[in-house]
Amino acid sequence: PICQLGCCGPARGGAGAVMARSLCSLLLLRALVATAAHGLHPGSESGGINGLLREIYGGGHLRNFVQRWFLGKIPDVQVGSARGSITTHPDGVKEQTFISPPMTLANGEILNKWLPIDWPEGHIMLKSFTADVLHAAPDGSVPPPEPCCGGAHEAPRSMSFLHHWTVNKWQLPERMWDHIVKMGGWEFALTYNQSILELAAGAGLNDGANGPCWNSDLHLFFGIGNEVRGKPLKSGVGSSEAPFQFPDPYGVEFNADAMRDVGEFMVLNTHVIDLRNVTNRRSCTECECSYVHAFAPDKRTTGGLSCCHSTDYQGAKCPLEEGVQPTNETYYIRYTIKWRDFDESTSKPLEVITFDATDNGTHWGDYSFFPGGFHESHPDLFSDPLSVATINDPRSGDNDGYRSCHIEYYVPKCDPATSSCLHTIRNSWVLPYPMEIVFLRNHFHAGAINATTSTQHGPLCTGHATYKDGFLVDISTCSVAETMPLLSLAKGDKISVEVVYGQDELPHFGVMGMSFVYAHIPRAPAGAPDFLV
């Protein structure tokens with residue numbers, strides 16, 4: 001494989017060929033060093049051709065080297081609509097609120113966009129993250145960056161529906177970053193070039209959000225759906241004040257200067273559906289292909305992400321009530337971040353790991369069709385015929401026909417007179433490294449009842465659904481600060497996910513079932529070879 005990359009044989013050509021040969025040699029040497037330094041930390045689970053590919057993914061050592069020396073660092077400039085001042089609390093925790101770039105939609109339109117966003121300066125341990133959706137002021141001005149949540153500018157769920165929103169880390173050349181910023185974000189378009197960009201840009205797998213899926217979109221830090229907007233329903237004394245909150249000494253580590261130096265930046269993927277005056281809220285929010293008048297690349301798909309974009313390429317749009325004249329509304333994501341300054345002696349960084357119930361990939365974080373890496377066999381999935389049938393059902397889901405994380409699935413209709421009408425999907429993984437689980441959030445869509453994450457020791461956390469006015473408005477979380485014991489797991493231990501949906505007389509399109517685990521994992525040993533950094 002190395003020879004096929006052009007790293008073998010006598011050197012020929014000009015300076016470009018010499019540079020390419022040098023980079024190939026560095027790639028091979030780095031892979032050999034990585035193999036020799038194989039350990040029990042994120043990234044150590046990969047190997048072979050997959051291990052070589054990890055080096056050129058976002059956040060990989062070779063990618064960092066090329067970015068730092070040849071492709072330019074990201075400038076320190078504001079890219080969002082507004083940012084508030086930094087407040088320091090008596091306990092030393094700092095807080096800052098940001099307003100994202102704008103998103104403009106007409107009634108019934110759907111927008112799925114990647115927005116570069118602002119982030120706190122310095123080397124930090126992020127302690128909490130809270131976000132909600134705002135609309136522009138009556139005069140069209142940007143809402144003020146007041147701490148989340150509530151206020152006169154807050155957009156209700158009945159107005160703007162978040163199919164999903166995620167905070168990811170990307171790595172791109174400075175010119176491409178500048179192009180995306182000037183365009184007002186990168187719009188998701190289901191095209192080949194689009195998919196290649198997202199795969200190449202995603203840096204979470206190598207830099208803070210390692211996990212079993214190779215899909216770069218799922219290496220996220222915060223998000224995830226319409227239920228995670230605003231403060232938790234049970235926020236207050238003795239409970240979480242934010243949907244993501246981590247007790248001392250834990251937090252998610254970010255270093256703004258180091259990130260910019262290697263071309264990394266934070267992006268917000270917002271998939272917003274404008275619900276004003278739509279005729280069928282359920283068909284609209286589930287993106288039923290026939291309802292939104294869209295097509296999917298796989299003609300067997302009947303609903304979900306593949307039919308959920310109001311682009312020139314696809315043209316999906318939810319029909320409006322008779323006589324309604326569409327008007328534009330501008331939306332923003334307001335997000336409030338709390339953090340402490342990073343302290344090498346006391347801080348315990350958290351890795352963010354996404355477990356997708358539709359995952360049938362054969363390697364942790366790597367492609368199933370290339371050799372090398374940590375093998376996954378998913379015993380809970382393949383011992384359950386309904387789960388296998390669910391992920392092989394092409395009516396909803398991505399990457400059909402491949403061993404992968406499929407992100408979505410289809411829940412068929414059911415007659416309550418003849419059945420209990422409960423649809424359950426199960427999956428399991430073997431851990432490639434040890435970890436301490438500190439915080440856990442489950443994610444699913446409207447129609448679900450709960451999702452349970454377990455280990456071989458028993459259930460760890462069940463996320464229970466709360467509904468209001470027909471919307472899923474909250475899913476309970478588990479934290480070592482409140483309801484969950486600090487659990488230490490070893491390499492080779494099992495973790496499993498079970499998601500239960502209630503069924504009715506209509507199918508559910510494009511549902512999800514995921515568990516987001518925030519875990520402290522031992523880092524690479526101090527002094528391990530790392531000649532590219």
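A nonpolar core here is a set of buried Ala, Val, Leu, Ile, Met, Phe, Trp, Tyr and Cys residues joined through side-chain atoms within 4.5 Å, where buried means under 20% relative accessible area, exposed over 50% and partly exposed in between (1.4 Å probe, protein chains only). The model is predicted, with local features needing pLDDT of at least 70 and side-chain atom pairs pLDDT 80 or more, while totals for chains, interfaces and linings use all residues. Residues are numbered from 1 along each chain as its sequence is written, and side-chain values use heavy atoms, leaving out hydrogens and water.

The largest such core has 50 residues, and the members touching the most others are Trp119, Phe129, Phe222, Phe254 and Tyr518. Take Phe129: beyond four places in sequence, its contacts (heavy atoms within 4.5 Å) include Trp119, Trp165, Phe222, Pro243 and Tyr335. Another core, of 35 residues, lies apart from it, with Phe374, Val411, Ala448 and Val511 among them.

On to the strands (DSSP E runs of at least two residues; helices are H or I runs of at least four, both numbered from the N terminus). Five of them make an open antiparallel sheet, ordered S17-S24-S19-S20-S21, with pairing taken as at least two DSSP bridges between two strands. S17 (422-430) and S21 (471-475) sit at the edges, each pairing on one side only. S20 (residues 458-468) runs antiparallel to S21 and is joined to it by four bridges; Ala465 stands opposite Ile475 in S21.

Then there is Thr301, in the loop between helix H8 (289-292) and strand S13 (328-341). Thr301 counts as buried because its relative accessibility is 9%. Leaving out residues up to four places away in sequence, Thr301 touches Cys289, Ala296, Ser306, Pro394 and Arg395.
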